[in-house]
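Thanks for coming. I will go through one structure, starting with a pocket and then moving to some helix packing and backbone details.

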Amino acid sequence: MPSVKTFEKTNMKKEPRGLAHSDSLEDFEETPTWAAVITVLGYALLTALGWLRDFLRNIGLEDKKTAQEPNPKDFVPLYQSYECFYTRNLYTRIRDVFNQPIASVAGATVQVMERLSTDFNWTFKFSGKKLPSINLGSYNYLGFAENYGPCSDQATKSIEKYGISSCSTRHELGTQHYMKDLESLMSEYLNVEDCITFGMGFATNALNIPALAGKGDLILSDKLNHTSLILGARLSGAAVYTFNHNDIQDLEKRLRNAIIHGQPRTCRPWKKILIIVEGVYSMEGSLCSLPKIIELKKKYKAYLYVDEAHSIGAIGSRGRGVVDYWNVDPNDIDIHMGTFTKSFGSAGGYIAGKKSIIDHIRIYTHSGCYSTSMSAPIVFQIISALSIIMGRDGTNDGQKRIQQLACNVRYFRRQLVDMGFIVYGNDNSPVVPVMIFMPAKIAAVNREMLKRGCAVVTVGFPATLLTESRVRFCISAGHTKEMLDHALKAMDEVGDLVALRYSKRNSPRRWHELNRADYDKEYF
């Protein structure tokens with residue numbers, strides 16, 4: 001990854017305070033060389049120790065407390081050898097910080113169930129204790145993940161009338177009128193002609209890209225696109241080329257070469273070229289440079305597919321995603337995709353755009369004939385949340401949530417930067433990655449933050465590059481300033497404890513040294 005990535009911003013209409021664009025550049029500070037070297041050496045040492053322990057297990061000096069290959073010896077192995085090796089000797093060491101079960105609604109706070117292990121994380125037992133924590137790991141951007149209020153009430157009432165399942169696909173007897181209501185409301189919200197919804201966000205990409213592209217087509221995909229987009233592109237049968245993350249020059253080079261040279265071997269023109277990008281990248285916290293991508297799309301007569309899973313509801317003055325953030329014409333994007341699992345506090349996904357495209361998807365989507373349609377409480381949760389965001393409930397609660405999220409994000413990010421942490425992404429992105437680099441710190445940060453009442457998500461290889469492990473904060477409109485201050489104070493302590501202040505651009509300052517009164521005035 002380049003040391004610095006710069007994205008120019010277009011002129012925007014004036015937005016409410018807390019929503020305006022940052023004057024600073026969106027960049028990725030270079031990994032300190034010494035940190036990268038120590039990280040690689042750390043993985044090398046863990047690998048060497050793993051080989052040693054495997055040898056000791058094979059000669060009987062160490063117990064084999066691990067899942068063995070289930071197939072007989074004469075069968076082809078079900079798992080790749082290194083995958084098993086990595087799980088046994090690296091992942092298991094810090095297994096306690098992943099897949100942590102909770103015993104409450106995943107709102108602004110959460111009850112984490114304490115687990116204990118007496119065999120070095122091979123197995124776990126619940127202690128019966130619940131750890132109250134500030135939830136900094138869920139994608140509850142607008143705070144709709146609640147078990148009370150108008151959304152919860154509507155979802156509950158819908159069960160009494162419609163039950164909990166249609167027990168059928170959309171192509172058979174699974175289409176209810178409330179699904180049509182949701183699709184109509186969503187298309188109005190996005191300002192497009194039509195919309196179709198699906199019961200699973202991941203499947204929205206994986207099962208519908210094959211309906212849009214096929215043999216003889218070319219897909220140009222950002223290198224950091226989500227797995228669902230990658231899977232959908234592969235299943236389509238189209239040729240798939242990647243371009244460097246948010247690199248407009250590289251994308252144009254790929255487009256130009258594709259048009260000049262055509263298909264491999266035959267040199268025939270591609271039937272169509274589909275550019276696939278995300279609005280907010282969930283691991284980097286960066287925003288796609290949408291205006292420039294649209295320029296290229298028009299220049300080279302390509303199609304554009306924008307995944308707004310992490311941006312719809314969370315970005316822009318009206319919460320309409322990066323299209324709203326950059327103030328571009330929604331009709332310039334051919335396929336709008338998003339999910340209901342984050343900002344709307346529900347489940348499922350949608351694809352929106354021109355009616356001709358949506359009608360094509362309705363006929364050819366695998367999801368329409370092989371998956372059960374969305375249940376009533378899921379749909380009514382979305383309709384209720386969407387009505388609040390659009391102001392149709394007669395209040396300005398939706399706008400307040402959008403503004404509160406923007407304020408929380410900018411405040412939290414600014415504080416982390418001032419404390420000397422390397423923070424990735426755009427100033428307005430609700431995904432806030434803080435780099436921790438070294439493998440031992442993945443577990444240390446997670447455990448120490450939980451001790452201080454903060455539930456966080458730490459991520460490492462293979463989900464990220466080997467030298468780019470991170471802790472990823474997800475900010476919500478449901479977080480109060482007191483919650484954010486508590487989390488920042490905890491991060492300040494943990495940052496000293498495990499040495500996370502890597503930034504060379506900002507002189508690191510302690511929590512008590514920051515002038516939070518100015519931030520209160522600016523953001524709150």
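By class, how many residues in the lining of the second largest pocket are nonpolar, polar and charged? Keep in mind that this is a predicted model. The lining divides into 25 nonpolar, eight polar and two charged residues. That makes 35 lining residues in total, around a volume of about 740 Å³. If you want to find the centre of the second largest pocket on the screen, look for Val-97, Phe-98, Asn-99, Asn-446 and Thr-458, which lie nearest to it.

Which element gives the largest share of that lining? It is H15, with five residues. H15 covers 439-451, and it is one of the elements that each supply at least two residues, along with helix H1 (33-58), helix H2 (81-91), strand E1 (109-116) and strand E12 (457-459).

On the H1 side the contact uses Tyr-43, Leu-46, Thr-47, Gly-50, Trp-51, Arg-53, Asp-54 and Arg-57, and on the H2 side Phe-85, Arg-88, Asn-89 and Leu-90. By class, this contact has five nonpolar, three polar and four charged residues.

Helix H4 is residues 177-190 and helix H13 is residues 376-390; their axes are 10 Å apart, at an angle of about 30°. Angles under 35 degrees count as roughly parallel, so that is the description for H4 and H13. The crossing of this pair is left-handed. From H4, the residues in the contact include Leu-182, Leu-185 and Met-186, and from H13 they include Phe-380, Ile-383 and Leu-386. The contact of H4 with H13 has 13 nonpolar, one polar and two charged residues.

Phe-120 is not a glycine, yet its phi is positive, at about 60°. The other point is in the loop between E12 and strand E13 (469-474), where Pro-462 lies. Is the peptide bond from Phe-461 to Pro-462 cis or trans? It is cis, with omega near 10°.

Notes:
Residues numbered from 1 in each chain as written. Predicted model: local features only at pLDDT ≥ 70, side-chain atom pairs only at ≥ 80, totals over all residues. Heavy atoms only, no water. Axes fitted to C-alpha atoms, helices over the stretch in contact; angles between N-to-C directions. Helix = DSSP H or I, 4+ residues; strand = E, 2+ residues; numbered from the N terminus. Parallel < 35°, antiparallel > 145°, perpendicular 65-115°, else oblique. Left-handed = near helix turned anticlockwise from the far one by under 90°. Contact = heavy atoms within 4.5 Å. Nonpolar A, V, L, I, M, F, W, Y, C, P; charged D, E, K, R; others polar. 1 Å grid on protein atoms, 1.4 Å probe; cavity = no way out; pocket = protein on both sides within 12 Å on 5 of 7 lines; lining within 4 Å. Points joined across faces, edges and corners; volume = space filled by probe spheres on them.
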